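Hi everyone, thanks for coming. I'd like to walk you through a structure that may be new to you, so let's bring it up and look at it together.

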Amino acid sequence: RLLCESSILSSAVRISQLEIDGNKLKALGFPPKRLGEILGFLLDCVIKNPEDNSPEKLVNLAYKFFSA
């Protein structure tokens with residue numbers, strides 16, 4: 001049970017819990033008007049795969065989402 005609880009606690013359920021924020025995305029050149037959309041996509045990814053909640057993985061996912 002402890003393992004389950006720690007897994008739940010370590011996964012993001014709000015955008016503010018992502019390991020990257022809009023300021024970082026903006027600094028990387030993403031358009032400010034699309035930051036909410038991109039962060040929402042990243043949150044969906046992390047909810048499905050909590051191990052993706054690292055800055056490196058989130059940046060890669062953001063680039064893939066934006067270039068699609």
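Let's begin with confidence. The chain has an average pLDDT of 87, and 84% of the residues score at least 70; pLDDT is the predictor's confidence in each residue, from 0 to 100. As that tells you, this is a predicted model, in which local features need pLDDT of at least 70 and side-chain atom pairs count only at pLDDT 80 or more, while totals for chains, interfaces and linings use all residues. Residues are numbered from 1 along each chain as its sequence is written, and side-chain values use heavy atoms, with hydrogens and water left out.

Where is confidence lowest, and where is it highest? The lowest mean, 42, belongs to helix H1 (residues 2–10), and the highest, 97, to H2. Helices here are DSSP runs of H or I with at least four residues, strands are runs of E with at least two, and both are numbered from the N terminus. A contact means heavy atoms within 4.5 Å. Where pLDDT is low, the predicted coordinates should not be read in detail.

Now to the core. A nonpolar core is a set of buried Ala, Val, Leu, Ile, Met, Phe, Trp, Tyr and Cys residues joined through side-chain atoms within 4.5 Å. Buried means under 20% relative accessible area, exposed means over 50%, and partly exposed is in between, using a 1.4 Å probe and protein chains only. The largest core has 16 residues, and Leu18, Leu25, Leu42 and Leu58 touch the most other members. Helix H3 (35–48) and helix H4 (55–67) are the elements that give two or more residues to this core, with the largest share, 7 residues, coming from H3. Take leucine 42: leaving out residues up to four places away in sequence, Leu42 touches Leu18, Ile20, Leu25, Leu58, Leu61 and Ala62. In soluble globular proteins, nonpolar side chains tend to be buried together.

Next, the aromatic rings. How many aromatic pairs does the structure hold? There are 3. Rings of Phe, Tyr and Trp (its six-membered ring) pair if their centres lie within 6.5 Å; planes under 30 degrees apart count as stacked, over 60 as edge-to-face and the rest as tilted. Phenylalanine 30 and phenylalanine 66 are edge-to-face, because their planes are at 85°, with ring centres 5.6 Å apart. This pair links distant parts of the chain, 36 residues apart: phenylalanine 30 is in the loop between H2 and H3, and phenylalanine 66 is in helix H4. Phenylalanine 30 is buried, at 3% relative accessible area, whereas phenylalanine 66 is partly exposed, at 33%. Phenylalanine 41 and phenylalanine 65 make a stacked pair, because their planes are at 20° and their ring centres 4.4 Å apart. That pair joins H3 to H4 across 24 residues. Also, Phe30, Tyr63 and Phe66 form one aromatic cluster.

One last stop: asparagine 53, in the loop between H3 and H4. Is asparagine 53 buried or exposed? Asparagine 53 counts as buried, because its relative accessibility is 14%. Its side chain reaches the backbone oxygen of glutamine 17 at 3.3 Å. Beyond four places in sequence, the contacts of asparagine 53 include Leu18, Val46 and Leu58.

Key: Polar contact = N/O pair within 3.5 Å; in protein donor to acceptor, adjacent residues only side chain to side chain.
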